[in-house]
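Subject: Structure for your review

Dear colleague,

Please find below the structure that I am handing over to you.

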Amino acid sequence: MHTTAMGIRAFMSADRLVFLLNRFRERLWIKPLIVCLLSIAAVFAAKIADTSGFANLAPIVTAGSIESLLKVMASSMLVIATFAVGSMVSAYATASGTATPRAFRLVVADDVSQNALSTFIGAFIFSLVALTAVMNDFFARAGRFSIFVLTLLVFGVVIFTFVRWVDRIARLGRLETAIEKVESATANAMRQRQRAPRLCGVACDEGSGDGQPIYSDDVGYVQHVDMAALQACAQSVGARLVLVADPGTFVAPGQALVHIRPSRKGDAAINVVAVRKAFMIGAERYFDNDPRFGLIVLSEIAGRALSPGINDPGTAIGIIGAVVRLLVLWSQAPGPEQGDSADQPSYDRIEVPVLSVHDMFDDAFTSIGRDGAPMVDVSLRLQKSLASLAMLPDPVMRQAAARHARMALARCESAMSLPLDLERVRHAAAFAQAPAAN
């Protein structure tokens, strides 16, 4: 028992560490700081050449030539880094304004832009430190040659990075790029949840009742659930926990996080503080463990595109296509090696419900059906997309698609003024009028 608990605690720390590392990845200063430290280390590593067997074989490079190169690099890199920051901030503001502020985090985490900024700042720091060392005769013959080679290498990396980054920054602020990033992040979250539909827990026992609730002390969204910590708490008292607030749930004091189903053997009290600490609660939702959040963000982008001030039905139609791709991905059943193991779940004392398909359809299609009801092109595409989803083998998804088709048609009947347009939408929604087959 002690060994098992130690293993669970070790996994708990690793699980939370992965979540925190993903948050650090969204910080713009992490990569530049790392590259700056590596640049300083590279300058001092060049001193090793003076004490190696290469000291008498290295070509002679004058200190003046190295100083000239480093001065050019130092003066140009500061300008380029300043220009890069200004361009990135402008792209971020454009992406937030044209798409939705919820997509800002994904745009900031763009690897190409972060790598470019890190390269420019790192090259600037390298040139300053190397120039200072060369001007103070820190290097001998082999060390100067090493710095010369490193300087040429840094020049090559900067040129390649700059050319690649210019192409990237031209696309970064575009609405299409933000949509692609949101769709990609949502697809990754769905694949992760498909591999563990119940977060590696077990199915809920419907016949056992809800049990005693443990309420939240904080207000906000559940960002991460440390399943290993919950397993350790339940195992310590021989109880079972029913997860109520999975990632993405908004909680407040008085709202249950879990329900406790005590064991029959004893009345030991569970560590309520430890259970609450297993839930990371904050003001924002994250894409990592929350597939529904991605659908909400896509729906927000479509709603903004359909607003009277923007009037861009083409973007809304593109969003409908992205949502259909994601829901088709969700409908694909994972293989035996991907899903939760029913025989040997990792957390056999935690009962976890699966995500509701009806909730996912509500997140994705409610606002599009409402805002696009007066527009025949958007309404037709919505009905055709829902008809495509209704043809999938998942009966729950067929029911959800038919329900939203009827809701969208009802909104069109109250919003459309031209009878011919309304008749076309009714014809497209005919699949949802018959009762769904079980």
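Predicted model: local features only at pLDDT ≥ 70, side-chain atom pairs only at ≥ 80, totals over all residues.

Helix packing

I begin with helix α3 (residues 63-98) and helix α5 (residues 111-135), whose axes lie 8 Å apart and which pack at an angle of about 155 degrees. Because angles over 145 degrees count as roughly antiparallel, α3 is roughly antiparallel to α5. Their crossing is left-handed. The contact of α3 with α5 comprises 24 nonpolar residues, together with two polar and two charged ones.

A second pair consists of helix α12 (residues 357-371) and helix α14 (residues 395-415), which pack at an angle of about 20 degrees with their axes 10 Å apart. Since angles under 35 degrees count as roughly parallel, α12 is roughly parallel to α14. Here the crossing is right-handed. On the α12 side, the contact is made by Val-357, His-358, Phe-361, Asp-362, Phe-365, Thr-366, Gly-369 and Arg-370. The α14 side contributes Val-396, Met-397, Gln-399, Ala-400, Ala-401, Arg-403, His-404 and Arg-411. Sorted by class, the contact of α12 with α14 has seven nonpolar, five polar and four charged residues.

Cysteines

The structure contains zero disulfides. Two cysteines may be noted for their accessibility. Cys-36 has a relative accessibility of 13% and therefore counts as buried, the cut-off for that class being under 20%. Cys-204, with a relative accessible area of 23%, is partly exposed.

Backbone positions

Most residues other than glycine have a negative phi. Which positions depart from this pattern? Leu-199 is one of them, with a positive phi of about 55 degrees although it is not a glycine. Leu-199 sits in the loop between α7 (175-195) and β1 (212-215), and its relative accessibility of 18% places it among buried residues.

Asn-311 is another residue other than glycine with a positive phi, in this case near 55 degrees. Asn-311 is found in the loop between α10 (291-305) and α11 (313-331). Its relative accessible area is 48%, so Asn-311 is partly exposed.

Yours sincerely

Note on methods: Residues numbered from 1 in each chain as written. Heavy atoms only, no water. Axes fitted to C-alpha atoms, helices over the stretch in contact; angles between N-to-C directions. Helix = DSSP H or I, 4+ residues; strand = E, 2+ residues; numbered from the N terminus. Parallel < 35°, antiparallel > 145°, perpendicular 65-115°, else oblique. Left-handed = near helix turned anticlockwise from the far one by under 90°. Contact = heavy atoms within 4.5 Å. Nonpolar A, V, L, I, M, F, W, Y, C, P; charged D, E, K, R; others polar. Disulfide = S-S within 2.5 Å. Buried < 20%, exposed > 50% of the residue type's maximum accessible area, 1.4 Å probe, protein only.
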